[in-house]
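Subject: Structure for you to look at

Hello,

Here is the structure I said I would pass on. My notes on it follow below.

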Amino acid sequence: MTDILLDSLPPAKPANYLEEGHTLASWLTTTDHKRIGILYALSITAFFFIGGIAIGIVRLELITPHGALLSDDQYNRLFTLHGIVMVWFFLVPSIPTTFGNFLLPLMIGAREVAFPRLNLFSWYLFVAGAVFTVYSVIAGGVDTGWTFYTPFSTLFSNSHVIAAAAGVFVAGFSSIATGVNFITTTHMLRAPGMTWFRLPLMVWALYTTSIVMVLATPVLAMSLLLIMAERFLGVPIFNPNNGGDPLLFQHLFWFYSHPAVYIMVLPAMGVVSEIFTCFARRRVFGYSAMVYALLGIGVVGFLVWGHHMFVAGQSPYANLVFSFLSFMVAVPSAIKVFNWTATLYRGQISFEAPMLYAMSFLGLFTIGGLTGLFLASVPIDIHVTDTYFVVAHFHFIMVGGTVSAYFAGLHFWWPKITGRMYHESWARFSAVTTFVGFMVTFMPQFIMGYAGMPRRYHVYPEVFQIYHVISSAGALILSVAYLFPLFYLPWSLRHGDRVGKNPWGATGLEWTTPSPPPKDNFPRIPRVDVEPYAYHPVGQSADTEGREPHRPQREDA
Amino acid sequence: MNLSDFTAEASSHAAAVDRLFYVLVGLSIFISLAVFALVLLFSLRYRRGSRAKRGPMPKFIQREVEIGWTCATFVLFLFIFWWAAASQLSALTPPKNALEISVVAKQWMWKVEQPNGVREINEIHVPADKPVRLSMISQDVIHSLFLPALRIKQDVLPQRYTYLWFTARKTGTFHLTCAEFCGTEHSRMAGRIVVLPPADYARWIEAQPEKLGLAREGEALYRSLGCSGCHATASTVHAPDLNGVFGRSVHLADGRTVTADEAYLRDSILLPGRDIVAGYEPVMPSYRGIVSEEQMIRLLAYLKSSSIKQGAEP
Amino acid sequence: MSEASHALNDPWSTLARQRAAMSFGVWLFLASEVLFFGGALLGYTIYRDLYPDAFRLAARETDIVYGTLNTAILLTSSLTMFVAERSAHEGFRRTSLWCLAATLALGSAFLVVKGFEYYDDIAKGLFPGPAFPLQPAQTQIFWAFYWVMTGVHAIHLILGLGILAAMTVLLYRRALPPQSPSFQGLALYWHFVDSVWVVLLPLLYLIGRA
């Protein structure tokens with residue numbers, strides 16, 4: 001079990017960032033990256049449950065093949081709501097704006113991000129975007145799917161396309177602002193001695209993600225602006241009756257939306273690297289390879305968007321090029337899976353909740369990534385695109401992957417953020433239930449997808465009912481697994497054990513400062529003199545049984 | 001309806017896709033199990049406080065292993081790409097002498113036209129063992145024709161023809177459905193593809209209410225819409241001769257040379273000002289809003305036939 | 001020097017570092033802006049390649065007089081902005097204020113001219129819709145891009161003017177020291193908006209006029 005150290009904290013000035021002002025105003029006008037991280041965390045949690053309730057109703061409806069609760073239109077609006085909310089108001093911001101905001105300065109030994117006021121502004125942009133989107137839902141919803149394909153979205157849909165698109169448009173600028181902030185912070189605020197190749201992989205992951213956010217999101221913004229213009233002003237841009245090409249929208253949309261999936265998964269990979277090393281007490285296997293893999297995924301991820309359009313009417317030669325590049329982008333992901341596995345070799349492994357969630361990520365990401373090979377193959381993709389096979393694939397990565405990593409990080413850094421430890425048994429129960437619930441929900445979807453069950457279907461042929469019933473049962477299990485932390489985590493704020501600086505005995509700089517940290521993060525800016533994950537001497541393995549790291553990253557810790 | 005309506009291997013292409021699929025399934029199971037097994041093995045053997053040997057790490061581990069599995073992964077993925085691409089390449093060229101069937105998609109049904117003019121709704125009858133080419137267009141939004149038993153699908157676009165071709169090897173009735181979200185009743189836009197032995201197909205065609213054939217109906221439209229008024233050689237209006245025009249090279253006024261395919265002919269009827277033929281004035285009126293998709297199919301069928309006579313009476 | 005130190009913000013330890021960070025951050029933002037306008041430019045390029053004649057016909061209807069006048073105004077405003085930023089950097093508050101005011105005036109003049117131009121365009125019926133005067137139908141696509149791209153550019157200009165006005169007022173009230181790196185950021189942004197116009201000018205006004 002963990003060895004908890006009790007610090008006695010001096011009472012004179014505010015002990016930590018949470019004590020600096022208790023009013024709502026102090027929170028809403030803060031420029032403290034830690035508080036902004038918490039503002040984001042509350043926002044995205046709300047959206048996670050909104051998107052979750054939407055799909056809960058959908059999965060309930062899909063238990064019967066002919067529809068019992070909803071009309072066609074209501075169903076279409078619900079799955080669209082699920083997609084838009086989960087992609088842009090949960091997954092894209094999730095790890096970067098919560099753990100990224102909270103931890104980036106701490107991990108590099110800085111007091112703040114480069115642009116603290118921009119950081120607060122980016123949260124307000126997120127909220128503004130959320131307001132537009134919530135309005136579009138309350139006003140009756142949008143039914144185009146989260147992909148807004150033209151000409152349905154511009155000329156045919158009788159729903160609140162403009163409001164929803166405007167919401168996403170504004171939220172996109174929140175992404176860009178966060179990206180600019182993180183890149184500048186990483187370049188310019190690293191502590192003395194914190195060279196690039198001493199950065200924790202979480203920082204590299206956030207850095208790469210930020211580059212993708214800055215370069216990809218504006219293209220989404222323009223594609224949404226163009227459909228808003230077409231719908232609102234009547235100007236024909238994708239209108240085929242005027243010579244416009246609906247496929248142009250698809251190219252512009254997917255040029256962002258494919259890198260977007262890397263925005264969603266790269267930070268998760270960063271979290272997993274932090275957790276595997278800590279709970280196996282091992283240096284990460286192949287640090288440089290892990291860095292280059294992150295960068296490689298970020299770059300090549302910009303070149304594969306056409307694999308979403310193999311049957312859209314794209315040239316077959318383009319199909320082959322995009323297929324080839326899609327196989328190539330899978331290579332660095334595979335490297336990372338192997339390296340995480342090898343990191344366990346000769347470790348001293350323990351199985352607290354963060355580790356269970358991280359292992360869950362590893363398994364589910366592996367399966368999801370392998371099914372990407374199916375989709376990269378043109379003849380298979382032609383058959384399974386727009387079926388549940390694709391739905392299962394991306395849920396394995398985004399939910400099995402990113403959401404598991406989010407919960408892993410939530411439990412790992414909870415003591416640092418709150419100063420309290422969560423209840424370990426309940427957390428382990430949630431982790432295991434998540435994995436089981438996930439497999440039950442999404443494995444059947446691969447089978448019915450290959451058998452020909454299309455996606456976005458309200459009613460469906462009866463032969464598929466058994467798969468839908470199993471999947472819906474899994475969704476029920478998953479919802480329990482996700483609801484449980486909503487109880488025991490707040491509970492720990494009052495009743496959890498207080499922790500000291502480093503309850504896990506981890507090596508990062510964030511663990512050398514009190515839990516919760518003071519407003520300025522460090523009493524003195526640390527000087528870094530050692531590589532990350534120094535859990536044991538180089539060339540050795542983890543012989544230590546205790547929680548203290550062999551060597552934290554700062555010389556005076 | 002049962003599962004075999006979806007999962008039958010109704011063509012040799014379907015069988016090839018299934019082969020690739022099941023090999024990938026096997027590979028995925030193998031790799032997943034390997035990863036799971038290693039993680040499980042390491043978790044048990046190297047759990048905190050276990051007595052497994054740790055100590056100094058083997059010298060060769062890091063670099064060689066890293067390079068090794070990177071190369072192995074790269075080569076494996078390259079191989080899968082090659083296999084998939086090779087089976088796709090053979091499907092790239094449309095078959096010669098294919099039976100041409102037209103499909104018009106609209107919210108929320110499929111309108112099908114057999115070459116002799118027989119119409120179907122939400123059903124396509126095809127002969128087995130003969131190449132069939134579907135020429136598809138949408139009247140409104142993007143749809144997608146999905147034939148699970150043939151393992152093929154193609155988006156159907158407005159104002160632009162897309163094509164799907166196959167040779168069905170199994171007789172029977174299989175599922176047909178829409179696979180691109182197209183609005184309220186997207187999930188109700190389903191139907192059937194009926195594969196008949198060639199003799200039965202011929203008999204079925206004969207048994208339908210009498211139709212002239214698409215080209216003959218197109219000829220009637222050619223006259224009634226006034227096309228022959230200008231395009232006949234006896235006409236006083238100087239208009240290009242359309243006899244045998246389909247597939248010919250056409251020199252345009254701006255210097256380009258294009259092939260007169262379906263897209264070109266369709267644009268010439270609906271957007272005549274777009275590509276003016278060299279040596280002619282842009283006087284042709286547009287038939288947008290006058291010619292429906294079904295009429296367009298018939299006109300094109302007529303233009304494709306070589307039966308346009310010189311000096312046919314208007 | 002105390003004014004200069006007034007410009008220093010957390011978390012920066014030196015003004016030089018803060019200045020470098022401002023520059024770096026704004027360039028990153030401009031990179032995203034390049035991709036933002038780039039999406040529209042890609043669409044424009046594709047359609048122009050598909051329908052060159054229609055685009056040439058449609059572009060002839062833009063008003064070259066307004067376009068040239070606005071180009072002159074905007075380029076001059078970049079000059080005044082440049083001088084404003086340089087003099088602020090050196091601590092010349094007065095010069096900077098005058099030049100900022102000039103930039104504000106020129107930027108506003110651009111919008112006024114644009115307003116007149118839009119009015120004329122609408123009077124000629126050049127807004128895509130059923131009453132659109134040109135044939136063939138693809139000319140409407142050109143004009144769709146005209147309205148979207150000049151509109152988005154104008155919105156960028158308005159936002160820039162807002163920030164410029166606010167910073168001018170703060171500088172006047174001595175609430176913002178001239179050495180503040182914010183002026184550098186503003187200038188970079190302003191020059192970018194000007195560059196976008198320089199790209200839009202030939203694409204929207206100069207084709208078809210050879």
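Helix axes here are lines fitted to C-alpha atoms over the stretch in contact, and the angles between them run from 0 to 180 degrees between N-to-C directions. Please keep in mind that this is a predicted model.

Chain C first. Helix H4 of chain C covers residues 64-89, which is 26 residues. From first C-alpha to last, H4(C) reaches 37 Å, close to the 38 Å expected at 1.5 Å a residue. The N-terminal end of H4(C) is capped by Asp63(C), with a side-chain oxygen 2.9 Å from the backbone nitrogen of Val65(C). Just after the helix, Gly91(C) has a positive phi of about 95°.

How do H4(C) and helix H7 of chain C (residues 182-206) cross? Their axes come within 10 Å, at an angle of roughly 165°. Angles over 145 degrees count as roughly antiparallel, so H4(C) is roughly antiparallel to H7(C). The contact of H4(C) with H7(C) has 16 nonpolar, seven polar and two charged residues. The crossing of these two helices is left-handed.

Chain A has a helix pair to look at too. The axes of H4(A) (residues 94-108) and H7(A) (residues 161-188) come within 11 Å and cross at roughly 15°. That makes H4(A) roughly parallel to H7(A), and their crossing is left-handed.

Last, chain B. Its domain assignment gives domain 1 (11-44 + 57-89), domain 2 (99-207) and domain 3 (214-312). Taken over C-alpha atoms, the centres of domain 1 of chain B and domain 3 of chain B are 54 Å apart.

Regards

Technical notes: Residues are numbered from 1 along each chain as its sequence is written. Chains are lettered from A and ligands numbered from 1 in the order in which they are written. This is a predicted model: local features need pLDDT of at least 70, side-chain atom pairs count only at pLDDT 80 or more; totals for chains, interfaces and linings use all residues. Side-chain values use heavy atoms; hydrogens and water are left out. Domain bounds come from an automatic or database domain assignment. Helices (H or I, at least four residues) and strands (E, at least two) are DSSP runs, numbered from the N terminus. The expected span of a helix is 1.5 Å times one less than its number of residues. A polar contact is a pair of N or O atoms within 3.5 Å; within protein, one must be able to donate a hydrogen and the other to accept it, and residues adjacent in sequence count only if both atoms are side-chain atoms. Angles under 35 degrees count as roughly parallel, over 145 as roughly antiparallel, 65 to 115 as roughly perpendicular and the rest as oblique. A crossing is left-handed if the near helix is turned anticlockwise from the far one by less than a right angle, and right-handed if clockwise. Ala, Val, Leu, Ile, Met, Phe, Trp, Tyr, Cys and Pro count as nonpolar, Asp, Glu, Lys and Arg as charged, and the others, Gly among them, as polar.
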